[in-house]
Amino acid sequence: MRRDFIIEFDYFRNRDKTFSLLNKIENSHSRNVLTGFSVFINNIPSSLEFYVYLSYECNPNNEIEEMKTHLFSEGLYRPDISLGTLFNRISERGFNSYSVDSSIISVILKDGFFYERENDAPSYQFFSEKYKTRLEGQGYKALDKLGKGTSIFLSHSSLQKGRVEELIPYLNSKNELVWIDKYRLKPTEDSVTVKREIATGLNQASKVLFYVTDDFLKSDWCNYELELAIRIKKEKTAYSLYFMIDSNVNEQFLNRYGRLLTSICQKNIKVLRDNENLEDFITDILN
C-alpha cells in the first residue's frame with residue numbers, strides 16, 4: 001500500500017535550498033521506491049503557493065525517514081490535503097504541475113515561478129472584487145490559498161501519537177484528508193479553543209478512527225471526542241466510526257461503551273493483538 005506526503009513550502013524563501021534538497025532525494029531514491037514526485041506552483045498573486053508531492057511504494061532503506069529529515073524542517077507537512085486536492089486545483093486553474101527529475105529542476109526554478117522576490121508580486125488588492133468575480137466565472141477558483149480539509153479524524157492518546165502518525169500517509173494515498181491534533185492545534189491553545197477545533201474537525205469529517213488503548217480510556221480528551229462523535233453519528237447518516245482496540249483493554253472498553261458497539265458494523269471494529277500491524281486494518285476499511 002502506497003504512502004503519500006505533501007509538503008507546503010514558502011513561495012519565496014530558500015527556493016534554491018529547497019530544490020537542492022529535492023535534487024538530492026531524486027538522485028538517491030530509486031523510482032521503484034519513490035514512485036511519485038511532483039511540484040505544484042500557484043502563481044496567482046493572491047495565492048502564491050508551492051507544494052511538493054512524494055509517494056513511496058516501499059521503504060527498504062529508510063528512504064522515507066531520510067526524506068523527512070531533509071524536507072520536514074524546511075516546509076510544512078500537510079496531512080489535511082491530498083493529491084486529489086491538488087489535481088482539483090489544477091482543474092480550477094490554480095496550479096502548474098511538474099514531475100520532478102534532475103533534468104527539469106533547473107527549468108522549474110527558472111520558469112515555474114513568476115515572481116523572484118516578494119516585492120515583485122502585486123498586492124492582494126491587485127484583483128478588484130469585480131475582476132475576481134469575472135475570473136471565477138472563467139474557471140479560476142484558486143484565488144485564495146488552500147484551506148485545511150477534513151475527511152477522517154484520528155482520535156488517540158498523545159502517548160500513542162507516533163504509531164498513529166504512521167497511518168497518515170496511507171490515508172492520504174486514498175485521498176483522505178486527515179485531522180490530527182499535532183497539525184491542527186498549537187501547544188499553547190486554551191481548552192476552549194481546543195474543544196472548538198475538535199468539534200469543528202469531528203463535524204467536518206465523514207469518518208472517525210479511534211485507537212483505543214489504556215491511555216485512551218484514561219484521557220479526558222479522548223473520551224470527549226468519542227462521546228461527541230457518538231452524538232454526531234445519531235444526526236448524520238453518512239458518518240462512520242472505526243475502532244482499533246488494544247486487546248488488553250477490550251473488556252474494559254466493552255463495559256463502558258458496549259451499547260455503542262451494537263450499532264457499529266463489526267467490520268469497523270478490530271481488536272489488536274500485541275504489536276499487530278495497524279496498516280492491515282486501515283487497508284481493510286479503506287477498501
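**Strand pairing, helix packing and aromatic contacts**

In this predicted model, K207 stands opposite S240, a residue of β9.

Q: Over how many bridges do strand β8 and strand β9 pair in the parallel sense?
A: Strand β8 covers residues 207-212 and strand β9 covers residues 240-246, and K207 has S240 of β9 opposite to it. The two strands run parallel, and the number of bridges between them is six.

Q: Which are the edge strands of the open sheet with parallel pairing?
A: This sheet has five strands in the order β7-β6-β8-β9-β10. Each edge strand pairs on one side only, and the two in question are β7 (178-179) and β10 (269-272).

Q: What is the order of the strands in the open sheet with antiparallel pairing?
A: Strand β1 (residues 3-8) pairs with β3 in the antiparallel sense over six bridges, and eight bridges join β3 to β2, again with the two strands antiparallel. The edge strands, each pairing on one side only, are β4 (76-77) and β5 (96-99). The five strands therefore follow one another, by the strand pairing that DSSP bridges define, in the order β4-β1-β3-β2-β5.

Q: How far apart are the end C-alpha atoms of helix α1, and what span should its 14 residues have?
A: Helix α1 takes in residues 15-28, and at 1.5 Å a residue its 14 residues should span 20 Å. The distance between the end C-alpha atoms agrees with this expectation, because they too are separated by 20 Å.

Q: What arc around the axis do the buried residues of α1 cover?
A: The buried residues of α1 are R15, T18, F19, L21, L22, I25 and E26. They lie on the same side of α1, because the arc that they cover around the axis is only 155°.

Q: Which elements do the buried residues of α1 pack against?
A: D16 and N27 are exposed on the other side of α1, whereas the residues that make the packing contacts are the buried ones. The elements they pack against are β2 (34-42), β3 (49-56), α2 (63-71) and α4 (102-112).

Q: Why do F19 and F50 count as a stacked pair, and how many residues apart in sequence are the parts that they tie together?
A: Among the 21 aromatic pairs counted, F19 and F50 have ring centres 5.6 Å apart and planes at 5°, so the pair is stacked, as the angle falls under 30 degrees. F19 lies in helix α1 and F50 in strand β3, so the pair ties together parts whose separation in sequence is 31 residues.

Q: What is the angle between the ring planes of F210 and F216?
A: F210 and F216 are both buried. Their rings form an edge-to-face pair at 6.3 Å centre to centre, and the angle between the planes is 90°.

Q: At what distance from the ring centre of F113 does R15 lie?
A: F113 belongs to one aromatic cluster together with F9, Y11, F12, F19 and F50. A charged end also sits over the ring of Y224, where K195 is 5.2 Å from the centre. R15 lies over the face of F113, and its distance from the ring centre is 3.9 Å.

Q: Is R259 buried or exposed?
A: R259 is found in helix α12 (residues 250-261), and its C-alpha atom is separated by 37 Å from that of T85, which is 174 residues away along the chain. Its relative accessibility is 81%, over the 50% cut-off, so R259 counts as exposed.

Note on methods
Residues are numbered from 1 along each chain as its sequence is written. This is a predicted model: local features need pLDDT of at least 70, side-chain atom pairs count only at pLDDT 80 or more; totals for chains, interfaces and linings use all residues. Side-chain values use heavy atoms; hydrogens and water are left out. Helices (H or I, at least four residues) and strands (E, at least two) are DSSP runs, numbered from the N terminus. The expected span of a helix is 1.5 Å times one less than its number of residues. Buried means under 20% relative accessible area, exposed over 50%, partly exposed in between (1.4 Å probe, protein chains only). The arc is that of the directions from the helix axis to the C-beta atoms. Contact means heavy atoms within 4.5 Å. Rings of Phe, Tyr and Trp (its six-membered ring) pair if their centres lie within 6.5 Å; planes under 30 degrees apart count as stacked, over 60 as edge-to-face and the rest as tilted. A charge sits over a ring if NZ of Lys or CZ of Arg is within 6 Å of the ring centre and within 35 degrees of the ring normal.
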